Amino acid sequence: MVAHASFDLAEYPQAESAYARVLELTPQNDTKREAFVDNLAASIYKQGEQANAGQDYRAAANHFLRIKKVAPTAAKIVAAAEYDAGAALIRLEDWNAAAEVLESFRHTYPKHELVREATKQIALVYKQSGQVSRAASEYERIGR
């Protein structure tokens, strides 16, 4: 109840803590466990969105990236979060970290609907960081 109520009230750090506690108490084979993991991931994702809205892109990227560690089975949320982390790192002009995150996204989710956008972002990152030949390779990939 506390976890759901906190989420509904947009108190995402409290929701995260409550969902983590619920998961500690939920047996691995419980049919509700997957939904709790997804809710935990969503509460962290919402914290990333709030940080993005407040232009705290480093915090946003950190929230988005930790979802993969905390709730790795929440596949849809993990994928979106990894892409969004790359976008936040681009806003920070942290070119190396952005390239690493976006390349990981593209490698891990080769059929995801955002792969083409990730490739465009990777090309931009390489161009901005002065890696012209790598940027050209990415632009060729986009063209194909």
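**Ground rules.** I am working from a predicted model, where local features need pLDDT of at least 70 and side-chain atom pairs count only at pLDDT 80 or more, while totals for chains, interfaces and linings use all residues. Residues are numbered from 1 along each chain as its sequence is written, and side-chain values use heavy atoms, with hydrogens and water left out.

**Whole chain.** I looked up the secondary structure and found eight helices and zero strands. Helices here are DSSP runs of H or I with at least four residues, strands are E runs of at least two, and both are numbered from the N terminus. The order from the N terminus is α-α-α-α-α-α-α-α. The C-alpha atoms fill a box of roughly 55 × 35 × 20 Å along the principal axes. Of the 144 residues, 41% count as buried (buried is under 20% relative accessible area, exposed over 50%, partly exposed in between, with a 1.4 Å probe and protein chains only). I also checked contacts, meaning heavy atoms within 4.5 Å. Among those between residues at least 6 apart in sequence, 45% join residues at least 24 apart.

**α2 against α3.** I took α2 as residues 12-25, and its axis lies 9 Å from that of α3, at an angle of about 160°. Axes are lines fitted to C-alpha atoms, for helices over the stretch in contact, and angles run from 0 to 180 degrees between N-to-C directions. That makes the two helices roughly antiparallel (over 145 degrees; under 35 is roughly parallel, 65 to 115 roughly perpendicular, the rest oblique). Among the residues making the contact are Tyr12, Tyr19 and Leu23 of α2, with Phe36, Leu40 and Ile44 of α3. The crossing is left-handed, as the near helix is turned anticlockwise from the far one by less than a right angle; clockwise would be right-handed.

**α3 itself.** I read 21 residues and a reach of 30 Å from first C-alpha to last, close to the 30 Å expected at 1.5 Å a residue. The expected span is 1.5 Å times one less than the number of residues. After α3 comes Gln55, with a positive phi near 60°.

**α4 and its cover.** Which residues of α4 are buried? I listed Tyr57, Ala60, Ala61, His63, Phe64 and Ile67. Seen down the axis of α4, they fall within an arc of 160°, so they line one face of the helix; the arc is that of the directions from the helix axis to the C-beta atoms. Their cover includes α3 (33-53) and α5 (75-91).

**α4 against α5.** I got an angle of about 155° with axes 8 Å apart, and α4 and α5 are therefore roughly antiparallel. This crossing is left-handed. Residues that meet include Tyr57, Ala61 and Phe64 in α4, and Ile77, Ala81 and Leu89 in α5.

**Tyr19.** I placed Tyr19 in helix α2, and it is buried at 2% relative accessible area. Beyond four places in sequence, Tyr19 touches Ala3, His4, Phe7, Phe36, Asn39, Leu40 and Ser43. From Tyr19 to Ala61 I read 42 residues in sequence and 21 Å in space, C-alpha to C-alpha.

**Arg106.** Last stop was helix α6 (residues 95-108), where Arg106 is found. Is Arg106 buried or exposed? Arg106 is buried, at 12% relative accessible area. Not counting residues up to four places away, Arg106 touches Val115, Thr119, Ile122, Glu138 and Arg141.
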